[in-house]
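Welcome to this short tour.

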Amino acid sequence: MIDVASPAAASAKDTGWWRGDGGEPVRRNLGLVGVLVLLYLVGALARPDIFLHGGRLWSNELTVLTQASSIGVITIGMTFVMISGGIDLSVGALLALASVWSTTVATQSYGPGVMILAALVVGAVSGLVNGILISYGRMVPFIATLATMVAARGLAQKISGKLTQIVKVASFNRIAEWRPLGIPLLVIIFVVVAVLAWVLLNRTTFGRRTVAIGGNAEAARLAGINIRRHTLLVYTLSGLCCGVAAVMVTAQATAGSSDHGNLYELNAIAAAIIGGTALTGGRGTIVGSVLGVLVFTQIYNLFIVKNLQTEYQQIAQGVIIVAAVIIQQFRVAALRRPVPPGA
Amino acid sequence: MKRFPDGTSRRSLLIGGAAAGAGALLAGCTSNADNSTNNDTGQTKVTGGDNAAAGKTVTIGFSAPAADHGWIRAITDNAKKQAALYKDVKFSQVDAGADAPAQIAALQTLIQQKPDVIVLLPQDGAQLTATGKAAMAAGIQVVNLDREFSDAGAARLLIKGDNYGMGLAAGQYIGAKLKGHANPVVAEIAGIDNLPLTQDRSRGFKDGLAQYGLKVSNRVAAQFTVQSGQDVTANLLQAAQHIDAIWNHDDDQGVGVLAAIKQAARKEFFMVGGAGSLDAMEHIKNGDTPLEATVTYPPTMASSAISLARLIVQGKGMSDLVELQVPKQIVLTSETITKSNVDTYLPLGFKS
């Protein structure tokens with residue numbers, strides 16, 4: 001994560017990387033960990049019987065992680081798209097489409113393997129369509145994915161006939177029940193996806209190209225990166241994440257539905273933003289996005305265990321987003337300030 | 001790379017073939033044809049007698065919000081099927097659009113076509129009241145389905161379910177079962193919280209429990225969707241380590257509620273549902289989940305609305321009543337379905 005070649009880090013000899021540009025994501029992520037600790041303290045005050053009791057705390061936090069897992073996977077895909085300078089508004093609708101496609105009577109008759117495969121392929125192919133529209137159709141990502149958002153939701157309604165498609169394949173539903181070593185499988189999938197994404201973003205040329213395109217597309221093109229092909233791949237990756245999340249949500253709900261993933265696009269964008277991903281592209285971390293998702297899910301959990309109404313929770317979410325963006329702006333302003341002589 | 005005579009590379013041929021194969025496989029997967037016999041004729045009905053005899057041809061215009069979940073879909077399905085049972089009914093459905101203004105626009109077109117009667121489930125009762133009045137003024141009878149107009153003069157007949165009664169029935173069922181328990185924990189899983197119907201249901205539930213000296217310990221609100229039902233319930237089960245009874249307002253979201261209960265491996269409580277979906281009734285019958293009862297809010301009201309709309313235009317009354325005309329208002333009672341009577345109600349269950 002420490003990029004020694006960056007200009008801000010050049011002056012970091014006196015101040016250390018901590019204050020330089022390279023330490024920025026680390027500081028931000030520690031800030032989010034601080035928020036999570038704060039939420040824990042609020043929980044300990046509000047419901048000491050849960051938050052100060054080892055067994056119940058463990059059980060509660062596993063629930064938070066499980067409920068965070070599907071939106072977490074979506075947010076990871078969204079993080080790649082946003083770092084590359086794009087946006088994907090279709091994620092919730094693609095999830096719904098993949099869940100419906102994988103739970104029709106015909107698909108269910110082939111068993112759990114085909115159901116999972118169908119969800120993954122539908123997600124990836126829909127993402128590919130997004131990518132083609134944007135990179136070869138030269139559409140603005142906002143418009144292209146807005147169109148696929150509406151169309152995919154419509155197609156999901158058409159296929160399902162607006163009915164809830166209950167999953168009768170018990171082995172498929174077990175995805176949400178199985179707890180190897182006491183950890184829910186959904187949480188394990190979330191962690192695996194996050195680790196793979198971290199490696200992909202930070203340790204591969206694919207990841208460096210994604211950052212380069214989002215940071216400065218023209219410079220990336222002059223450096224010989226095939227921007228079109230790369231954009232195509234980034235949106236396909238986001239679509240694939242939708243497919244993975246569709247499997248998770250469908251198993252959790254024990255049903256496929258065109259209502260699944262409602263407002264996931266906004267939740268994913270919000271989580272990525274408070275995790276430090278820039279809407280303008282070129283910056284963002286997987287760890288930040290995962291922490292962003294956990295903050296929102298933990299707040300949601302706190303409101304329910306405290307038996308409070310959900311309106312307040314939505315207000316709290318809004319406040320956190322605004323706070324995160326203000327902090328981000330401070331940071332940008334600080335970067336623009338001329339370096340004082342002798343620094 | 002070895003190339004075929006036409007210049008296609010082996011790789012692109014392979015990728016193309018795989019894509020075509022996957023496409024064919026996936027397209028085949030969209031079929032929802034269900035081989036099991038699905039007998040839902042119980043949701044529509046024509047009784048014998050004088051009223052069933054064909055009379056003057058009646059043109060019925062119908063408008064209900066687009067189906068976003070099982071119950072509202074059942075409303076439209078039932079209306080269509082009931083109309084098809086009569087030889088003297090011409091049925092024309094107009095799209096209700098996405099919101100009240102869209103429905104108002106659609107209805108204005110419908111009024112121009114001068115049907116004999118309009119059966120209307122408004123997007124919003126208050127906002128559609130003026131349209132109901134306009135139709136009545138144009139000589140078209142209006143049957144107001146479920147969501148009530150703000151002015152009784154805007155409709156010839158109001159037929160609706162009883163949200164308060166539904167909550168009351170659920171509260172009374174739970175109260176009776178928990179009588180004698182010391183400090184029982186009663187949880188409530190509501191639907192969309194800012195809808196008047198949710199507030200009515202919760203008020204009824206509170207009153208029903210109060211008759212037995214009980215109150216709601218934990219209350220959460222879902223969104224009438226399966227996924228939201230699963231999400232709130234997973235957290236609710238963490239909030240309360242021991243629960244004695246749960247009332248879930250809506251059987252559609254109930255699919256998710258039951259999934260979360262199963263995933264948490266909890267079974268110390270019993271659960272009451274709401275609406276009366278086929279899935280809920282099957283669980284009640286099989287006893288395979290904590291769901292042991294549901295209080296109805298029947299979408300068959302749409303079938304009844306079509307029958308009554310026909311009678312209104314033909315100037316006939318309801319044969320068991322003394323009055324010569326159909327009454328002005330009908331409120332369906334919320335019935336409690338348990339294992340003992342579920343077989344009677346199964347034909348009325350709607351698909352989620």
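Let's begin with chain A: its secondary structure comes to 17 helices and 2 strands. Please keep in mind that you are looking at a predicted model. For the complex, the predictor gives an ipTM of 0.87 and a pTM of 0.86.

**Chain A as a whole**

- Chain A has 343 residues, and 50% of them count as buried.
- Take the contacts in chain A between residues at least 6 apart in sequence: 74% of these join residues at least 24 apart.

**Annotated spans in chain A**

- An unreviewed UniProt entry carries the annotation "transmembrane region" for residues 30-50, 62-83, 114-133, 181-201, 232-251, 286-303 and 315-334 of chain A.
- In the model, residues 232-251 of chain A are 100% helix and 0% strand, and the end C-alpha atoms of this span lie 29 Å apart.
- Residues 181-201 of chain A are 81% helix and 0% strand, with 29 Å between the end C-alpha atoms.

**A covered helix in chain A**

- Among the buried residues of α6(A) are A:Val91, A:Gly92, A:Leu94, A:Ser99 and A:Trp101.

**Where the two chains meet**

- Across the interface, 38 residues of chain A are in contact with 39 residues of chain B.
- On the side of chain A that touches chain B, at least two residues each come from α5 (54-83), α7 (105-109), α8 (112-135), α14 (227-253) and α16 (286-305) of chain A.
- The most is given by α5(A), with 6 residues.
- Sorted by type, the residues on this side of chain A are 16 nonpolar, 18 polar and 4 charged.

**A sheet in chain B**

- The mean pLDDT of chain B is 89, and 93% of its residues reach 70 or more.
- Chain B holds an open sheet of 6 strands with mixed pairing, and you can trace the order β7-β6-β8-β9-β10-β12.
- Why is one side of β7 (218-221) and of β12 (336-338) of chain B left without a neighbour in the sheet? These two strands stand at the edges, so each has a single partner strand.
- On average, neighbouring strands of this sheet are turned by 20° against each other, direction ignored.
- Strand β6 of chain B, residues 186-190, runs parallel to β7(B), and 4 bridges join the two.
- Look for B:Glu188, whose bridge partner in β7(B) is B:Arg219.
- Helix α8 of chain B, residues 251-263, lies across β6, β8 (245-248), β9 (270-275) and β10 (291-296) of chain B. This helix runs at about 150° to β9(B).

- You will find B:Val143 in strand β4 of chain B, which spans residues 141-145.
- Is B:Val143 buried or exposed? With 26 other C-beta atoms within 10 Å, and a cut-off of 20 or more for being buried, B:Val143 counts as buried.
- Leaving aside neighbours within four places in sequence, B:Val143 is in contact with several residues, including B:Val117, B:Leu120, B:Arg156, B:Ile159 and B:Leu308.
- B:Ile72 is 71 residues from B:Val143 along the chain, and 17 Å separate their C-alpha atoms.

Notes:
Residues are numbered from 1 along each chain as its sequence is written. Chains are lettered from A and ligands numbered from 1 in the order in which they are written. This is a predicted model: local features need pLDDT of at least 70, side-chain atom pairs count only at pLDDT 80 or more; totals for chains, interfaces and linings use all residues. Two residues are in contact if their C-beta atoms, placed from the backbone, lie within 7 Å. Ala, Val, Leu, Ile, Met, Phe, Trp, Tyr, Cys and Pro count as nonpolar, Asp, Glu, Lys and Arg as charged, and the others, Gly among them, as polar. A residue is buried if 20 or more other C-beta atoms lie within 10 Å of its own, exposed if 12 or fewer, and partly exposed in between; C-beta atoms are placed from the backbone. pLDDT is the predictor's confidence in each residue, from 0 to 100. UniProt positions are given in the numbering used here, feature names are shortened, and annotations may be inferred rather than shown by experiment. Two strands pair if DSSP finds at least two bridges between them. Axes are lines fitted to C-alpha atoms, for helices over the stretch in contact, and angles run from 0 to 180 degrees between N-to-C directions.
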